[in-house]
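Hi,

Here is the structure I promised to pass on to you. Have a look at it first, and then read my notes below.

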Amino acid sequence: MTAADDCLFCKIVAGEIPAEVVHVTESAVAFRDINAQAPTHVLVVPRDHYANAVELAEGDPAVTAELVRVAAAVATAEGHDDYRLVFNTGPGVGQTVFHTHLHLLAGRPMTWPPG
Ligand code: 5GP
Ligand code: ZN
């Protein structure tokens, strides 16, 4: 397993910082966003550190797919047929934590395009 120094989500994966974990697999962890933007707002992260979705896709395509499967499982478990999956990639579009995370948002109407 690879972790990065001073990475918030590596610390959550390691259990060093508390989070409300809702689903775990061998390669991924899903936990509630601390600043939820929808009734269900869960972050799905790989256990290993990658800075963004592209680095993960290039380094570990199987785990990239696993994040999507976990998000779908959480959505189903929380009763949502419809949901939005988001990878913010780069600070210019709002990425603030540089450990790959897939946002699962569900439980309210959503507009398109996003802000
Ligand atoms: P980004 O803006 O990088 O796409 O998403 C980072 C997300 O992490 C934000 O939605 C933010 O609310 C969430 N977040 C930041 N710090 C923490 C924390 O300590 N715990 C949890 N559970 N979520 C966090
Ligand atoms: Zn990390």
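V21 has F31, in strand 2, as its bridge partner. Strand 1 and strand 2 (residues 28-32) run antiparallel and are joined by three bridges. Strands here are DSSP runs (E, at least two residues), as are helices (H or I, at least four), both numbered from the N terminus; two strands pair if DSSP finds at least two bridges between them.

This is a predicted model: local features need pLDDT of at least 70 and side-chain atom pairs pLDDT 80 or more, while totals for chains, interfaces and linings use all residues. Residues are numbered from 1 along each chain as its sequence is written, chains are lettered from A and ligands numbered from 1 in the order written, and side-chain values use heavy atoms, without hydrogens and water.

Five strands form an open, antiparallel sheet in the order 1-2-3-5-4. Strand 1 (21-24) and strand 4 (84-86) are its edges, each pairing on one side only.

Next, the ligand. Around ligand 1 there are 16 residues, and the closest are D33, N88, G94, T96 and H103; a residue counts as near if one of its heavy atoms lies within 4 Å.

- A polar backbone atom of G94 is 2.7 Å from an oxygen atom of ligand 1.
- A polar side-chain atom of H103 lies 2.8 Å from an oxygen atom of ligand 1.
- A backbone N or O atom of I34 lies 3.3 Å from a nitrogen atom of ligand 1.

Enjoy exploring!

Technical notes. A polar contact is a pair of N or O atoms within 3.5 Å; within protein, one must be able to donate a hydrogen and the other to accept it, and residues adjacent in sequence count only if both atoms are side-chain atoms.
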